[in-house]
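Colleague: I would like a close look at one part of this model. Please take me through the aromatic rings and what surrounds them.

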Amino acid sequence: MSGKLVVRIAELEIDPDKLETYRVMLTEEIEASVALEAGVLSLNAVSITDSPHKIRILEVYANQAAYEAHLQTPHFRKYKNATAGMVTSLTLVDVEPVIMRTKP
């Protein structure tokens, strides 16, 4: 398999009082995305950064169309609206497209 992936990293600082609620909603959004979307190879592999109220989300999409389709899904819009008040700051990093190749 070969093709360019769309890779994005989001670093979010969460209101400490709402952190657990945010994590639950994020988990639900990840599960829905992975279950419902074709063309998404891996979505929202989540790791917690060194500060307990900061979350880094790594998103990897099969292509630009898959990324844009994800932004339009009802569950993503619901998640985005529901969690907006929990996020105190957000940094988005667009990573250079990654090319995946299988070994011969």
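Modeller: Start with the cluster: ring pairs link Tyr22, Phe76 and Tyr79. Rings of Phe, Tyr and Trp (its six-membered ring) pair if their centres lie within 6.5 Å; planes under 30 degrees apart count as stacked, over 60 as edge-to-face and the rest as tilted. This is a predicted model, where local features need pLDDT of at least 70 and side-chain atom pairs count only at pLDDT 80 or more, while totals for chains, interfaces and linings use all residues. Numbering runs from 1 along each chain as its sequence is written, and side-chain values use heavy atoms, with hydrogens and water left out.

The search of the whole structure gives 2 aromatic pairs. In one, the ring centres of Tyr22 and Tyr79 are 6.2 Å apart and the planes meet at 55°, so this pair is tilted. Tyr22 sits in helix H1 (residues 19-36) and Tyr79 in helix H3 (residues 74-83), so the pair ties together parts 57 residues apart in sequence. Helices here are DSSP runs (H or I, at least four residues), as are strands (E, at least two), numbered from the N terminus.

Phe76 and Tyr79 also form a tilted pair, with 6.3 Å centre to centre and 45° between the planes. Both lie in H3, 3 residues apart, about one turn of the helix.

Now burial. Buried means under 20% relative accessible area, exposed over 50%, and partly exposed in between (1.4 Å probe, protein chains only). Tyr22 has 0% relative accessibility and counts as buried. Tyr79 is buried at 11%. Phe76 is buried too. Across the protein, buried residues make up 31% of the 104 residues.

The largest nonpolar core has 12 residues, including Tyr22, Phe76 and Tyr79. Such a core is a set of buried Ala, Val, Leu, Ile, Met, Phe, Trp, Tyr and Cys residues joined through side-chain atoms within 4.5 Å. Strand S1 (2-14), H1, strand S3 (54-61) and H3 each supply at least two residues of this core. H1 gives the most, with 4 residues. In soluble globular proteins, nonpolar side chains tend to be buried together.

Leu12 is another core member. Leaving aside neighbours within four places in sequence, Leu12 is in contact (heavy atoms within 4.5 Å) with residues including Tyr22, Ile55 and Ile57.

Last, the overall layout. The protein has 3 helices and 4 strands. Along the sequence they follow the pattern β-α-β-β-α-α-β.
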